[in-house]
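Try each task before you read the solution.

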Amino acid sequence: MPANNSARSYCLGIESTADDFGVAVVSFDGKVLSNANDSYTPKEGGIHPREAARHHAEVAEKVLTEALETASVKPRDICLVAFAQGPGLGPCLRTGATAARALSSYLDVPLVGVNHCVGHIEIGKLATGAADPVTLYVSGGNTIVSAFEAGRYRIFGETLDIAIGNCLDVFARAVGLQQKKGAPFGAIVEQLAREGERFVSLPYTVKGMDLSFSGLLTAAVNAFQSKKGSLEDVCFSLQEVAFSMLTEVTERALAHTEKPEVLLTGGVAANKKLQSMLGVIAEEHDARFCVVPLRLAADNGAMIAWAGILAYKSGISTPIEKSYVDVKWRLEDVYAPWVEG
Amino acid sequence: MGGGINVLIKKGAEASLYLETWHDRKVIMKRRHPKKYRIPELDTMIRSQRTVHEPHIIHEAKKAGVPTPTILEVDVAEANIVMEYVEGKQVKEVLDTVAPEERLRLSGLMGRMIGRLHKHGIIHGDLTTSNMILTPHGKIVFVDFGLSERSEELEPKGVDLHLMKRALQSTHYKHAKECFKEVMKGYAESVGQEETKKVAEKIREIEKRGRYVAER
């Protein structure tokens, strides 16, 4: 088994925790050779898990072929198949897992189940060179402040209800914004927020190290509907409050752990305003500030492939009979022997 | 602030503590500095809310029968709280070195005081032995209510005591077990056996969550 650092050993990674179906080919020495994706866009409302899973099943073959062709890699060059085993939406996860099991058995190569949150952290570290950061992982489904301690990525703070990305999405839909393919709601809110001038007071909820966004969401929608400010003003205020909460909790984790780096990862990491606020606290604590590049920020197959490679190289693989998905798999339940610390 | 000494004694992520003189008294000034990443409107709002909230809860705790520093002056605009300087030592410094009977007495006393807080719907939010001062008269004064909140629910009470347990395990690991047992005994004296049973059950549930998997 060519399980080494060789550039000629490749892992195929499958991501399907939510609305994205992604397949990527990554070499064992950490080069992303392809990162194909097809995203499910609901006609109205949020992600319907079964509809999204149906989408994933429909595009699977196309995305897989694209990933192999772009990477110029033949199926027999693949020596490991990694898939997102959780956390996420059950039907979506199962679609990706089914594809991964079939591929692993057809190609006769090992299978490794990857924790989606670990994927976001590891791809951020790979792309930025961060070694031991405090990580703020922000997306549609997760909001987690973590740092590595004693064998695991420990959670220092997290949302008590909805994720920040979900908060922005639901707000955008509630005020009548339209989603476009390739332009997530977060980007639309960010654009509008730049035009905002007047701060509308909204609830700021930090409980110890944890956060809550549901009250903020309701208040922001109400502020718009009751005309307390223009749409731009409310977008501006929503971002200021939500991102200040995230920054405060990250700063506390940074002060507590005294880590040398701050890493921002996940889909919401693309937001420039959030980047600038975290940059300020990183500088104040003499920490290097690292942001995952845009192409690897949202859910993608490359992060699953890379986290799979790291796990596999430290002796971890997932036998088919243990490859059932875990929709609530927590970050700190993952033993991470590949991290030095 | 009237001249005098002005020594930074603790710099946290949220606030700094200074030793000062105030009308010829030795006092602690807790100052919440502005945060550059926040817009001024929000920054002022958060700092002033917390500057109002903390003395309020400190006063409530005192009413519940838990010794806390006396608040001398609150400057909401500057986000400053001036409070009594409590003479004594942090429980953290003495717990491991005192005689075994005294260690048990202190643990029981901590538990009784935590029980009084919870009985009155006050969650401290940061229960560690460094946030408790042992006075020369043998009383324990609770300080730093910066993360406190009001709640009558079981979950935050369980989290509060779980934090206490973790603080004992990390800082006073030699005596953590006996100390926490006494904390819970003292707690029961304040809130009753039935409520203590429910809270203890909650603590077990919290520990079993993935979050605290290392302590399983």
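**Exercise 1.** Which domains does the domain assignment give for chain B? Work out how they sit relative to each other.

*Solution.* We're looking at a predicted model here. Start with the bounds: domain 1 of chain B covers 6-84, and domain 2 covers 89-215. Next, take the C-alpha centres of these two domains, which lie 24 Å apart. Then look at the contact itself: domain 1 of chain B puts in 14 residues, and domain 2 of chain B puts in 14 residues. Finally, sort the domain 1 side by class, and you get 8 nonpolar, 4 charged and 2 polar residues.

**Exercise 2.** Why does the radius of gyration of chain B agree with a compact globule?

*Solution.* First, the expectation: a compact globule of 216 residues would come out near 17 Å. Chain B has 18 Å, so the two agree. For the overall extent, the C-alpha trace of chain B spans about 50 × 40 × 30 Å along its principal axes. Then check burial: 35% of the 216 residues of chain B count as buried. As for secondary structure, chain B has 6 helices and 10 strands.

Key
Residues numbered from 1 in each chain as written. Chains lettered and ligands numbered in written order. Predicted model: local features only at pLDDT ≥ 70, side-chain atom pairs only at ≥ 80, totals over all residues. Domains from an automatic or database assignment. Contact = placed C-beta atoms within 7 Å. Nonpolar A, V, L, I, M, F, W, Y, C, P; charged D, E, K, R; others polar. Helix = DSSP H or I, 4+ residues; strand = E, 2+ residues; numbered from the N terminus. Rg over C-alpha atoms; globule rule 2.2 N^0.38 Å. Buried ≥ 20, exposed ≤ 12 C-beta atoms within 10 Å, placed from the backbone.
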